[in-house]
Amino acid sequence: MNVWDYLVDLIPNLARNLRAAVEGAGFSDGAVFLVMGLAGVLAVTLFVMLLVPPLTFLERRLVARAQVRIGPNRVGPFGLLQPIADALKLMTKEVIVPSQADGLLHLLAPSLIFLPPFMIFAVVPFAPGGVFTNLNMGLVYIIAVSSLAAIVVFTAGFSSANRYSMLGAARAVAQLISYEVPATIALVTVAVAAGSLSLTGIVQAQTVPYILYFPLAFLIFFIGSLVEVNRAPADLAEAESEIIAGYHTEYGGFKWACFQLGEYTHMVAASAIIATLFLSGWKGPILPPYLWLVTKMMVVILLYMWIRFTVPRIRVDQVMSFAWKFLLPLSLINVLVVGLEVVLAPSLPVWLIAINVPFAAASIVVWAKLYRVLEGPPPLTQRREIPGVTSPLPVPEPAGTAR
Amino acid sequence: MYGSGILKGMSLVLQTMLLKKPFTVQYPEKRIEPPRRFRGASFVWYEDRCTGCATCAKACPQGNIQIITTEGQFNQYFVDRFDIDHLRCMFCGLCVEACPYDALFMGPDFENASYSRASLVIGKKHLNAAAPTRIPSSYFHPELDRIDISSGRPVPEIRKAEQEKNQDIGWASR
């Protein structure tokens, strides 16, 4: 076996070699299982943790370029050691717990923030045969696990005993629960089309990436995941201008760094899901499969960053009404149409793309018109006449009552 | 409408990221020439013009300027001390405006950090040593915009040379 072949199937080969080595050492079956499991956990954790610090650096450099600045370039060549400098600086800071805070929960939240994204990576296939556990209901597992982030964020906000943190936590939970619904329904189309809930099965079913077959489902899930990972256009939970960093107001130093890294870990996990479900995962010519997955993840991450550089923060009511009045109906329509297509043409012929792309564009335009009707005219401030009182100033109606 | 605005903005951001040169000037290595009428530190003072009238000291809102004079033989004053305290100076320029003999000018400096307080009280010796080399700010003296008194060259020519020097840091070209 030459080196290239070994590298192409790196993950299964490494696993096979490790298993052979452990079995050769005379361990029992249970011990072998344990060692293999721990090695898998270590590999996945290392992969994510090695990916995240360069991402923070990359984002800072890119956002600097978008704002016609240079960005961090003083530490090391091109500033590449900036994440290390940041980590060292944050680790040396004092640990402060507010006197009214729930100490245990306050400590627990930043350590648990990494849990949901790592758990998602347990079912993401990096290569054919290179998956930590090939769950036959991996999609359901992902949906269940990704909601756990809301609990961690709420724990952080609740235990801080701070009104702003509580507000941020409430926003995070409301946002996450709202966007779970359309995003999950968008995932149904993928499951229906692939005929499988296992992520490996879904990747194998994608001869053409599903982003071409189901652009509408991709858009809905992309926006949903964007909001769920609390990134810029929808980072209401940590809006520094309104609620001073929201749920992590009371966190400083390394705990704060945990939240920051956790946010990036969430983004990496979301990009892995999108790359697997819509961009045909590890499939691709020439390069080894895991490199294809990482490339596709990077494309999605750069898209997230690009959107963050462009779009300003959305208002709370706009975020919520967008989920319930726009994305949810669209995702239901999408499920209906895709269901019909799968029933009528189960082999998913390529000409479905020619139907689905115009359908996505048309449904977005039509529902945007309807959305305007549902929303009604924007609230006006009207002069309210109070009988018996002659006021020299116009008394504004409270917003939202005048329709 | 229908997200086209967002797409437009995103394309603009991409163009900025790919095409525009960073505006930042990396300060300690490269620096921007301050504007001609900059009200900066390092006052420029010409002893031969100064009559010791102390109008500047009276004009100073903080009382930063200390002048001690001795009376001379032919109805004139000799300036013994002329101290400007940079620590409390807010660079308002009122002393320059007050000077009836055009002896005091603002300077182009902005780096005031020092290890001792005493070194920030600029005295007569320092001012005299610096006067021939410093270019006075044309604050309150717009006539200096045209002629540079230190070199005697017309200012537009100097400005052009400065601009050419700064081309590589992308400041003057914008």
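What share of the contacts in chain A with a separation of 6 or more is accounted for by residues 24 or more positions apart? In this predicted model, such residues account for 75% of those contacts. The C-alpha trace of chain A spans about 95 × 65 × 45 Å along its principal axes. Of the 403 residues in chain A, 37% are buried.

In soluble globular proteins, nonpolar side chains tend to be buried together.

Helix α14(A) deserves a look of its own. Of its 25 residues, 20 are buried, so α14(A) is largely enclosed by the rest of the structure. From first C-alpha to last, α14(A) reaches 36 Å, close to the 36 Å expected at 1.5 Å a residue.

Turning to chain B, an open sheet is formed by three strands in the order β2-β3-β5, with antiparallel pairing. The edge strands of this sheet are β2 (65–71) and β5 (121–122) of chain B, each of which pairs on one side only. Strand β3 of chain B, residues 77–85, is joined to β5(B) by two bridges, and these strands run antiparallel. One residue pair can be picked out here: Ile84(B) has Ile122(B), in β5(B), as its bridge partner.

Finally, the two chains meet. Here 14 residues of chain A are in contact with eleven residues of chain B. On the side of chain A that touches chain B, the elements giving two or more residues are α3 (29–66), α15 (289–310) and α17 (352–375) of chain A. The largest share, four residues, comes from α15(A). By residue type, this side of chain A divides into eleven nonpolar, one polar and two charged residues.

Terms used. Residues numbered from 1 in each chain as written. Chains lettered and ligands numbered in written order. Predicted model: local features only at pLDDT ≥ 70, side-chain atom pairs only at ≥ 80, totals over all residues. Contact = placed C-beta atoms within 7 Å. Nonpolar A, V, L, I, M, F, W, Y, C, P; charged D, E, K, R; others polar. Pairing = 2+ DSSP bridges. Expected span 1.5 Å × (residues − 1). Buried ≥ 20, exposed ≤ 12 C-beta atoms within 10 Å, placed from the backbone.
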